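Open the model in your viewer and keep the selection panel handy. We will go from stop to stop, picking a few residues at a time.

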Amino acid sequence: MPPRVAHAEHCPPLDWAGFRARLTEAGYDPADLASTAVAARLLAGLWHDRAFLADHALAEVAADRDGPGSDGPMQTMLLGVGDGWYVRAALWPAPHDWLFARYGAAALQYGVIHDHNFSFLTLGYAGPGYSSDCWTRDPAATAGVTGEDGGLVPAGAMLLGDGEVRHYRAGIDVHSQRPPDRFSISINIVATHAGDAWRDQYRFDAEGRVADSLQRLGAGRLLQLAMAVDPDAATPLAQQVARDHPHPRMRLMAIEALATGGAGADIWHAAADDPDPLVRGEALRRAAA
C-alpha cells in the first residue's frame with residue numbers, strides 16, 4: 001500500500017498561511033525522500049487548521065467564480081500553486097450523498113483501478129476517509145498496449161484515515177478506491193514537472209490488464225477533431241505528427257486520426273513498423289481487428 005509518511009498528531013499545527021509559506025520555502029521533490037518527508041509533515045500540520053478550507057470555499061462563492069455548467073461532478077478544488085507543486089482539496093461522497101446518487105460511482109472514480117502520471121501526498125482532512133485496494137507496478141515493464149498485462153503486484157488494502165498522510169508515486173502506485181461511510185475530504189500536494197503531461201496514465205481491468213490510457217494530450221484530441229471536420233486540410237499535419245513526433249502516444253493519436261479518415265487497415269499495417277512498442281503493439285492489434 002502507499003506508505004504512511006506522517007500523521008497529524010505527531011506534527012506541529014500550522015494554519016493555511018503558515019503551511020503555504022513553509023512549503024514555498026521547502027519545496028516538494030517527490031524523487032527526494034527527505035523533501036517528501038518535510039512536505040508530508042507540513043501537510044499533516046495543516047490538518048489542525050479546521051477553518052481554512054471552508055473559508056476558501058466561501059471566498060470562491062463570494063467572488064462568483066462558478067464558471068459555465070459542467071457535465072460532471074466538481075470533485076477537486078484548487079487551493080494554491082507554487083514552484084513545482086500545487087495544493088488541492090478532493091471531495092469523496094458517500095453512497096447516500098446526493099453527488100453520488102446524481103453521478104454514480106464510476107464518475108467519482110470509485111472502483112476504477114488506475115495509476116497516476118504525477119506524484120502526490122494526500123492527507124485525510126475530514127471524515128473517515130476512503131479505502132483502497134492497492135498494487136504496485138514497474139512502469140518500465142509495460143508498453144501500454146490495450147490488453148497487455150499491467151504487471152500489477154498486490155499491495156494490500158488501506159484506509160486514508162483522518163489525519164494520515166500517504167505518498168503516491170507516479171506510475172508505480174496503483175489503487176481502486178471505495179467510497180467512505182460518510183462524506184470525506186482529502187488534501188493533496190501534487191508535484192508538477194514539465195514531463196508529467198507526457199507520462200502515460202492507465203486504467204486497468206479486473207484481471208490487471210491495461211484497459212485504457214487516461215492521458216489527456218490536448219493537441220492529439222484537436223488533431224483528431226480537425227481530421228473529422230476537414231480531413232483534406234488536416235491530413236498533411238497528421239501524417240507529419242504520425243511520422244516525426246518524438247512522443248509515441250502523440251504519434252499513436254495521429255495514426256488513429258488518419259485511420260478514421262479511411263484506409264484504416266493499411267494505415268495500421270504501416271504503423272506496425274514504428275520503433276516504439278506502444279505504437280507497434282497497438283498497430284498490430286488494430287490491424288488484426
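**First stop: a loop residue**

Select Gln75: at 12% relative accessibility it counts as buried (buried means under 20% relative accessible area, exposed over 50%, partly exposed in between, with a 1.4 Å probe and protein chains only). Gln75 is found in the loop between helix 3 and strand 2; helices (H or I, at least four residues) and strands (E, at least two) are DSSP runs, numbered from the N terminus. Before going on, note that this is a predicted model, in which local features need pLDDT of at least 70 and side-chain atom pairs count only at pLDDT 80 or more, while totals for chains, interfaces and linings use all residues. Residues are numbered from 1 along each chain as its sequence is written, and side-chain values use heavy atoms, with hydrogens and water left out.

Which residues is Gln75 in contact with, leaving aside its neighbours within four places in sequence? Show Ala89, Ala90, Leu91, Trp92, Ala107 and Leu108; contact means heavy atoms within 4.5 Å. For a distance check, pick Leu123: Gln75 and Leu123 are 48 residues apart in sequence and 15 Å apart in space, C-alpha to C-alpha.

An open sheet is formed by 6 strands in the order 1-8-5-10-3-2, with antiparallel pairing; two strands pair if DSSP finds at least two bridges between them. Strand 1 (4-7) and strand 2 (76-82) are at the edges with a single partner strand each, so one side of each has no neighbour in the sheet. On average, neighbouring strands of this sheet are turned by 20° against each other, direction ignored; axes are lines fitted to C-alpha atoms, for helices over the stretch in contact, and angles run from 0 to 180 degrees between N-to-C directions.

Zoom in on strand 1 and strand 8 (residues 164-168): they run antiparallel and are joined by 3 bridges. Here Arg4 stands opposite Arg166 in strand 8.

- Helix 2 (residues 33-46) touches strand 1, strand 5 (120-126), strand 8 and strand 10 (184-191), and its direction makes about 15° with that of strand 5.
- Helix 3 (residues 52-62) touches strand 2, strand 3 (85-92), strand 5 and strand 10, and its direction makes about 100° with that of strand 2.

Back in strand 2, select Gly82. At 25% relative accessibility, Gly82 counts as partly exposed. Gly82 and Ser186 are 104 residues apart in sequence and 19 Å apart in space, C-alpha to C-alpha.

**Two nonpolar cores**

Show side chains for Phe19, Leu23, Leu43, Leu79, Val87 and Ile189: of the 30 residues in the largest nonpolar core, these touch the most other members. Such a core is a set of buried Ala, Val, Leu, Ile, Met, Phe, Trp, Tyr and Cys residues joined through side-chain atoms within 4.5 Å. Helix 1 (16-26), helix 2, helix 3, strand 2, strand 3, strand 5 and strand 10 each supply at least two residues of this core. Its largest share, 6 residues, comes from helix 2.

Centre on Val87 and leave aside its neighbours within four places in sequence: its contacts include Trp16, Phe19, Leu23, Met77 and Ile187. Apart from this core lies another, of 22 residues, among them Leu223, Met250, Met253 and Val279.

Select strand 6 (residues 131-136) and strand 7 (residues 153-159), which run antiparallel and are joined by 5 bridges. Trp135 stands opposite Pro154 in strand 7. In strand 9, Ser176 is the bridge partner of Asp133.

**Last stop: helix pairs**

Display helix 5 (residues 218-229) and helix 6 (residues 231-244), whose axes come within 7 Å and cross at roughly 145°. By class, their contact has 10 nonpolar, 1 polar and no charged residues (Ala, Val, Leu, Ile, Met, Phe, Trp, Tyr, Cys and Pro count as nonpolar, Asp, Glu, Lys and Arg as charged, and the others, Gly among them, as polar).

Finish with helix 8 (residues 264-271) and helix 9 (residues 277-288), which pack at an angle of about 145° with their axes 8 Å apart. The residues of this contact divide into 5 nonpolar, 1 polar and 3 charged. Trp268, His269 and Ala271 in helix 8 meet residues of helix 9 including Val279, Arg280 and Glu282.
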